[in-house]
Amino acid sequence: MWKWLHPYAKAQTAYRLCNTLLPYFAVVAVASIIIGWVWGLGFAPADYQQKDSYRIIFIHVPSAILSMGAYSSMAIAAFIALVWQLRNAELAVIAIAPVGAAMTLIALITGAAWGKPMWGAWWVWDARLTSELILLFLYLGVISLYNAFEDKGSAGRASCILALVGAINLPIIHFSVEWWNTLHQGATITKFDGGAIDASMFWPLMVNILAFAAFVGTVVLMRLKNEILLREKHRPWVKGLITNQTQLENQNVGDKNAV
Amino acid sequence: MRVFLLLKVENITCIRQDRCLFENLSFELPQSTIMQLEGPNGAGKTSLFRILAGFTRLEQGKRFWFGKNVVDDEETFLSELLYIGHKTGVNTQLNAVENIRFWQETHGYTHISKNDVSDCYDLLANLGLVGLEDIPVRMLSAGQQRRVALARLWISEAKLWMLDEPFTAVDKKGVTLLQEQFKKQLARGGSVFLTSHQDLTEHFEDLKILSLEYKI
Amino acid sequence: MQRQYSYRQLFISVYKKDVLLAFRQRSEIINPLLFFLIVISLFPLGIGPEPQLLARMAPGIIWVAALLSTMLGLDKIFRDDYQDGSLEQLLVSPYPTSLIVIAKVTAHWSITGLPLVLLSPMFGLLLNLDSNAMQAAIITLLIGTPLLSLIGAIGAGLTVGLQKGGILLSLLVLPLYIPVLIFATSAIDTSAMSLDYTGQLAILGAMLAIALVMAPFAVSSALKVSVS
């Protein structure tokens with residue numbers, strides 16, 4: 001009766017893989033976030049020019065990097081999903097999109113907050129901020145396209161196509177915005193001096209980037225697990241998972257009662 | 001005469017909205033055969049048709065056209081396929097002649113003359129649409145619109161006809177007309193694969209029947 | 001008799017059908033143009049009628065209006081064909097879907113983009129563009145509007161199966177239009193200063209070439225998803 005299942009066994013393997021990887025990512029994420037933030041926000045020296053307000057880079061820069069990193073990994077997953085018709089890759093696209101969007105949003109908000117003391121305005125049409133804003137639009141497009149479809153199979157493939165189209169466009173958009181910005185550069189925008197960042201600030205920044213990467217990895221893995229379960233909810237292995245779980249819980253309850 | 005196997009289907013499975021419509025379905029459709037797909041509403045007749053025509057991605061199983069896997073040579077298969085689904089593909093803003101011309105041109109049919117419009121008019125007259133040739137199809141009745149869609153059977157040179165509920169909204173005379181056309185298709189070595197709730201056994205002696213069951 | 005397959009015949013048939021249908025319902029051609037005109041006349045009312053100010057803002061106004069009016073007709077490219085089943089028929093025809101897509105996009109451009117290009121001198125006059133800038137506006141529209149149709153067709157293909165695809169379509173497509181907007185307006189700006197703007201045109205042309213090669217494939221896979 002369940003013979004038609006075996007091609008989907010891969011989902012189960014993927015689920016197991018997520019389960020194995022998840023603790024490592026989670027531990028690295030928690031540890032490096034604590035280290036990075038305490039180090040960066042508490043101990044790293046204040047900037048001679050920007051005083052303490054520069055410390056927002058410990059959040060802004062990692063989230064900005066990860067927002068783009070997430071988009072590239074999403075595009076790679078989309079490519080794999082379309083070319084080799086792997087459903088797990090489709091699910092990965094869906095798992096990554098909202099996380100990437102959240103990172104983009106964090107980068108935008110922290111960027112704007114940083115802009116207030118730096119440029120004296122909450123929003124400046126700086127090239128990087130503008131690209132980041134467009135990146136957010138692209139993410140939102142993928143997410144809302146996925147949600148618009150009733151059939152989640154078609155939804156996944158449609159989002160993959162859009163993610164790929166976006167990925168091809170993204171460099172074009174990025175460079176055109178940069179070019180546009182140099183063309184229209186207003187007086188308010190002060191570029192950072194290109195000098196190398198001091199080691200006392202560089203290392204906490206690196207730790208924070210690692211922390212954000214591990215954090216994104218953790219959340220994506222959790223979301224991917226959910227997506228797999230949701231998509232495969234009628235398959236016996238998922239049902240088995242649930243019954244095992246409830247059995248365990250019952251046991252626990254029984255143990256407690258015994259105590 | 002040797003009878004070729006037109007279409008062979010192996011182990012296809014369809015899952016819709018978490019419900020398994022059919023699994024490991026296999027069947028064969030030889031040349032000069034009419035096959036009726038039966039089953040209650042919701043059994044997956046249309047889904048099967050859409051899988052065979054290639055609209056829905058084949059999750060599992062294979063289709064063979066003259067022994068060749070369709071995935072390897074989709075063009076040959078599509079050039080020998082005529083599919084008419086629930087949505088008939090008739091543009092209702094255009095008139096019947098324009099619709100026929102469009103099908104003819106986009107499928108490379110040369111059965112009726114490309115330049116001489118009288119062929120088209122004869123065909124429509126045969127279908128009982130005299131005097132309605134120049135009216136936008138949206139002004140016609142449902143049955144007449146269906147007849148315009150089915151006019152494709154008269155210009156088609158495809159080997160396999162896949163017709164999803166061809167008799168819907170067609171009157172008795174029209175049904176007879178269609179059945180005659182099916183016989184012509186069988187006579188020239190083609191096959192007809194259709195879904196219908198009508199009993200066709202009395203009209204076609206060697207009707208093959210493929211049944212789908214409704215599963216929960 | 002032998003079946004006759006011809007890519008040229010297919011292109012002509014699909015193109016002819018769409019253009020014919022548009023001429024049967026002339027509002028399809030006229031409404032986006034009227035919309036364009038109204039948007040353009042809203043700007044002077046909103047920002048004031050000073051000729052210098054208008055001339056300064058004209059490139060942006062013209063192009064934003066062009067983007068918005070293209071969006072209006074975009075949904076129509078595949079919608080009717082999807083609803084009456086013609087799209088299914090085209091997908092089961094032995095011809096490559098991307099060829100059909102190119103034919104349909106070309107038809108869409110000739111009924112929405114081309115009239116815009118032809119009428120753009122008039123709109124330029126309304127906004128006080130000088131002759132240099134006017135010339136640049138016409139050329140950028142000529143290169144840019146096919147690009148808009150091509151990119152937009154991807155979004156249209158993705159949303160054609162959805163009940164309420166319209167707003168989603170703009171959300172998907174408008175961000176992708178940004179490079180076109182930037183280079184086209186910059187070309188007009190540059191020309192207004194009597195400088196050489198071939199660089200911008202070259203970039204627009206390059207983008208058109210890329211879109212012409214890649215978009216049809218993206219659209220056809222989008223259509224296959226929508227029809228499935």
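Predicted model: local features only at pLDDT ≥ 70, side-chain atom pairs only at ≥ 80, totals over all residues.

Me: OK, which helix does C:Phe78 lie in?
Reply: Helix 4 of chain C, residues 76–84. Helices here are DSSP runs (H or I, at least four residues), strands are E runs of at least two, and both are numbered from the N terminus.

Me: And what is C:Phe78 in contact with, leaving aside neighbours within four places in sequence?
Reply: Its partners are C:Leu87, C:Lys104, C:Ala153, C:Ala156, C:Gly157, C:Val160, C:Val219 and C:Leu223. Contact means heavy atoms within 4.5 Å.

Me: How far apart are C:Phe78 and C:Ile12?
Reply: In sequence they are 66 residues apart, and in space 17 Å, C-alpha to C-alpha.

Me: New topic: how many residues of chain C and chain B are in contact?
Reply: 32 from chain C and 31 from chain B. The two chains bury about 2,900 Å² between them, with 51% of that on carbon and sulfur atoms. Buried area is the accessible area (1.4 Å probe) that two parts lose on being put together, summed over both.

Me: How many salt bridges cross that interface?
Reply: The rule finds 3 between chain C and chain B. It asks for a side-chain nitrogen of Lys or Arg within 4 Å of a carboxyl oxygen of Asp or Glu. B:Glu105 forms a salt bridge with C:Lys16, and their closest N and O atoms are 4.0 Å apart.

Me: Which residues of chain C does UniProt list for "transmembrane region"?
Reply: The unreviewed UniProt entry lists several spans, including 95–118 and 167–188. Its positions are given in the numbering used here, feature names are shortened, and annotations may be inferred rather than shown by experiment. In the model, residues 95–118 of chain C are 92% helix and 0% strand, with end C-alpha atoms 33 Å apart. Residues 167–188 of chain C are 82% helix and 0% strand, and their ends lie 29 Å apart.

Me: Now chain A. How many helices and strands are there?
Reply: Chain A has 7 helices and 0 strands. Of its 259 residues, 44% count as buried.

Me: Which residues form the nonpolar patch on the surface?
Reply: A:Val30, A:Ile34, A:Ile35, A:Val38, A:Trp39, A:Phe43, A:Trp203 and A:Met206, with about 820 Å² of accessible area together. Patch residues have over 30% relative accessible area and no salt bridge; like charges are joined within 9 Å, nonpolar side chains (Val, Leu, Ile, Met, Phe, Trp, Tyr) within 5 Å. Areas come from the Shrake-Rupley method with a 1.4 Å probe, and for residues only the protein chains shown count as cover.

Me: Which helix gives the most to the nonpolar patch?
Reply: Helix 1 of chain A, with 6 residues. Helix 6 (199–231) also supplies at least two.

Me: Where is A:Trp203 found?
Reply: In helix 6 of chain A. A:Trp203 is classed as partly exposed because its relative accessible area is 49%.

How values were computed. Residues numbered from 1 in each chain as written. Chains lettered and ligands numbered in written order. Heavy atoms only, no water. Buried < 20%, exposed > 50% of the residue type's maximum accessible area, 1.4 Å probe, protein only.
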